Amino acid sequence: MNRTIIDLFEESVSKYGQKEFLLEKHNGRFEPTSYNATKAEALTTGAGLVALGIERSDRVSILAEGCNNWIISELGLLYAGAISVPLSIKLEESNDLLFRLRHADVKLIFVSKNQLPKIRRIASELADLRHIVVWGEAKENLAEGEMTLDELKSLGREYLQQHEEEFMAIGKSIQNDDIATITYTSGTTADPKGVVLTHRNYTANVEQAHSVIGVDEGDRMLIILPLDHCFAHVAGFYTMMSYGASIGTVPSGKSGKEALRNIPTSIKELQPNVMLSVPTLAKSFKKNIET
């Protein structure tokens with residue numbers, strides 16, 4: 001049975017189309033984006049990539065803080081048949097980022113305004129990098145080779161007017177064993193290793209997660225882990241997607257410390273049923289609760 005991430009997402013959109021999926025804070029409150037609206041944004045993003053010349057199995061990277069655009073962009077690049085190369089915002093450009101982007105032969109990168117300076121400092125050393133798509137920066141502040149996400153989506157809408165059937169066929173043609181992501185190890189003992197995960201790796205893990213993560217349709221998750229993290233992918237947005245649940249992201253702020261300070265407020269406002277964490281953060285939560 002073929003069951004890719006695209007299959008998983010299409011099933012959820014079919015079942016829960018009008019329900020809220022993504023929750024992101026704007027104007028002082030968390031605003032919802034439905035499953036249907038998420039799909040529409042993902043399709044225009046993916047079609048924009050194809051219009052730019054991104055082909056099946058090309059590597060497309062994401063370097064940004066957790067937000068709706070992160071999830072939408074990954075779904076979009078998967079619809080385009082590309083392979084996601086998620087990167088941690090903690091990486092420094094001089095060595096860590098440069099190695100990964102070169103090693104994966106990344107042709108396009110989605111990058112937030114906050115992370116853009118890192119890419120600008122190494123762009124001239126990335127022979128395969130063709131396009132830089134920037135989130136949150138005005139068009140007039142961008143350099144040659146850079147474009148806004150809105151510009152990419154505009155290209156996508158134009159492309160879909162003439163080639164919608166052709167574009168949708170790309171996502172339908174993806175097979176279980178096709179690569180979905182290349183995630184890099186930390187590189188503490190040697191050069192980082194690119195860990196290859198297929199579409200079926202993810203969807204099988206989602207099916208297994210159903211036996212240990214009890215979530216109901218309409219439940220909410222607050223993801224406080226970096227979205228490039230594999231655990232955030234599987235137990236986070238892909239598993240919640242399969243349940244028809246919704247996910248919120250913590251406002252990033254201008255620094256890591258500011259993002260951490262936004263967690264308690266986000267919990268209070270979103271009132272999640274589920275949260276993903278790691279031991280260090282969980283210990284901090286437990287200590288604060290006991291105090």
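**Figure 1. The buried residues of helix α2 in the predicted model.** Y35, T38, K39, A42, L43, T44, T45, G46, A47, G48, L49 and V50 are the residues of α2 that are buried (buried means under 20% relative accessible area, exposed over 50%, and partly exposed in between, with a 1.4 Å probe and protein chains only). Because twelve of the 17 residues of α2 are buried, the helix is largely enclosed by the rest of the structure. Helix α2 covers residues 35-51 and reaches 24 Å from its first C-alpha to its last, close to the 24 Å expected at 1.5 Å a residue (the expected span is 1.5 Å times one less than the number of residues in the helix). Just after α2, G53 has a positive phi of about 105°. Helices (H or I, at least four residues) and strands (E, at least two) are DSSP runs, numbered from the N terminus. This is a predicted model, in which local features need pLDDT of at least 70 and side-chain atom pairs count only at pLDDT 80 or more, while totals for chains, interfaces and linings use all residues. Residues are numbered from 1 along each chain as its sequence is written, and side-chain values use heavy atoms, with hydrogens and water left out.

**Figure 2. K153 and its contacts.** K153 lies in helix α6, residues 149-173. With a relative accessibility of 7%, K153 counts as buried. Its contacts, leaving aside neighbours within four places in sequence, are E41, T44, T45 and N69 (contact means heavy atoms within 4.5 Å). Of these, T44 and T45 are also among the buried residues of α2. K153 and E41 are 112 residues apart in sequence, and their C-alpha atoms are 7.9 Å apart in space.

**Figure 3. T33 in strand β2.** T33 belongs to strand β2, which runs over residues 29-34. The relative accessible area of T33 is 19%, so T33 is buried. Not counting residues up to four places away in sequence, T33 touches K19, E20, F21, L22, T38 and N68. T38 is one of the buried residues of α2.

**Figure 4. The packing of helices α3 and α8.** Helix α3 (residues 68-79) and helix α8 (residues 230-243) pack at an angle of about 80°, and their axes are 13 Å apart. That makes α3 roughly perpendicular to α8. Axes are lines fitted to C-alpha atoms, for helices over the stretch in contact, and angles run from 0 to 180 degrees between N-to-C directions. Angles under 35 degrees count as roughly parallel, over 145 as roughly antiparallel, 65 to 115 as roughly perpendicular and the rest as oblique. On the α3 side the residues are W70, I71, E74, L75 and L78, which meet H233, F237, Y238 and M241 in α8.

**Figure 5. Two loop residues with positive phi.** Most residues other than glycine have a negative phi. N27, in the loop between β1 (20-26) and β2, has a positive phi near 55° and is not a glycine. N27 counts as exposed, at 78% relative accessibility. D105 sits in the loop between α4 (93-103) and β5 (106-112). Phi of D105 is also positive, at about 55°, although D105 is not a glycine. D105 is partly exposed, with a relative accessible area of 39%.
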